[in-house]
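Have your viewer ready and follow along.

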Amino acid sequence: MGWTLIILALVAAALFGAWRYAMATNAVALLDGADWVLGGTAGTVVAAAEVPTGPHPAQRLEVIAPDQPGPHPVVVFIHGGGWHSGIPGDYHFVGRTLARAGYLVVLPGYRLGADGRYPAMLEDSAAAVRWTMDNAARLGGDPGRVFLMGHSAGAYNAVMLGLEQQWLDRQGVPNGFVKGVIGLSGPYDFAPFTTDSAVAAFGHVADPAQTQPVRFARAGAPPMLLLTGDEDVTVKPRNSIALAKALTAAGAPTQAVVLKGVDHAGTVMKLAHPFRRDARVLDAALAFLAAQGAPSAAVQAGSR
């Protein structure tokens with residue numbers, strides 16, 4: 001598919017889905033629209049929408065599931081946006097891609113901006129995991145095979161839940177419930193804070209080190225896949241490399257996978273049509289999940 005066709009597809013997505021995306025102000029919504037037009041929804045269903053996990057309007061989640069009976073392993077995918085933007089509905093493309101591979105996908109929202117300063121984003125993400133523990137089975141998921149995944153700020157949330165046990169403990173989620181974590185282009189070692197988004201989300205914390213995932217590297221951490229791109233100038237690859245080294249030194253061997261020619265947005269874009277032609281992110285994610293407890297090879301074969 002040439003670039004002309006890609007551009008036409010993006011325009012078509014914007015027009016065809018105008019009713020759904022009229023209020024969209026970010027590229028992720030348009031990316032979801034392109035995936036919707038080019039890839040459709042075959043093989044997937046919206047199993048739940050706008051489900052509250054708390055009183056705040058942002059504390060809502062959605063669930064995308066395979067259209068086949070379960071129980072399916074579960075991926076809780078936490079969106080990015082610098083802890084100041086993003087909604088679960090814009091990430092249905094991630095849900096559709098993983099649902100076609102045999103996973104039930106939970107897309108949680110969390111408080112953002114002034115309402116979502118540390119530790120609110122972790123409290124809300126942990127509440128979504130508790131909701132998943134309580135509700136996955138009735139939606140066709142397997143609560144014995146739950147994984148966390150996130151992009152950018154969402155990768156921070158997911159990795160912190162995997163490393164600092166207090167957040168899931170407070171929600172009554174037992175240690176070991178999370179079977180693995182995938183971080184896409186995540187910030188894990190970024191103190192002192194130099195960006196506006198980091199200052200806004202963490203600048204009030206007296207001891208910045210307590211907010212850093214790298215500080216909580218431990219031997220008993222769930223397995224982690226840390227994917228990043230060598231052209232990421234927003235969250236530099238050294239974050240993934242530093243955390244992988246810290247985890248390995250602590251007794252939890254971990255490798256940071258640095259993808260050549262990929263920028264910050266690229267790691268999540270490659271989960272959507274038409275960018276899924278570069279399958280490095282999806283293939284790495286599915287291989288990691290398979291190693292921890294995946295659906296059958298036949299289901300995975302249909303994920304493309």
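## Strands, cores and salt bridges

Strand 3 (residues 72-78) pairs with strand 5 in the parallel sense, over 6 bridges. Here helices (H or I, at least four residues) and strands (E, at least two) are DSSP runs, numbered from the N terminus, and two strands pair if DSSP finds at least two bridges between them. Within this pairing, I78 stands opposite G150 of strand 5. Strand 5 is also joined to strand 6 (residues 178-184) by 6 bridges, and these two run parallel; there, L148 has V181 in strand 6 as its bridge partner.

Before going further, a word on the ground rules. This is a predicted model, in which local features need pLDDT of at least 70 and side-chain atom pairs count only at pLDDT 80 or more, while totals for chains, interfaces and linings use all residues. Residues are numbered from 1 along each chain as its sequence is written, and side-chain values use heavy atoms, with hydrogens and water left out.

Why is strand 5 described as largely enclosed by the rest of the structure? Of the 11 residues in strand 5 (residues 141-151), 8 are buried, so the strand is largely enclosed. Buried means under 20% relative accessible area, exposed over 50%, and partly exposed in between (1.4 Å probe, protein chains only).

Now to the nonpolar cores, each a set of buried Ala, Val, Leu, Ile, Met, Phe, Trp, Tyr and Cys residues joined through side-chain atoms within 4.5 Å. The largest has 54 residues, and W83 and F202 have the most contacts inside it. Helix 6 (residues 153-163) gives the most to this core, with 8 residues. Apart from it lies another core of 31 residues, including V75, V94, Y103 and V281. Back at F202, and leaving aside neighbours within four places in sequence, its contacts (heavy atoms within 4.5 Å) are W83, Y118, M121, Y156, F190, F193 and T211.

Finally, the charged side chains. The structure holds 9 salt bridges, each a side-chain nitrogen of Lys or Arg within 4 Å of a carboxyl oxygen of Asp or Glu.

R215 counts as partly exposed at 48% relative accessibility, as does D207 at 34%. D278 is partly exposed at 21%, whereas K270 is buried, with a relative accessible area of 14%. R280 is partly exposed at 33%. Elsewhere, a network of salt bridges links D32, D35 and R96.
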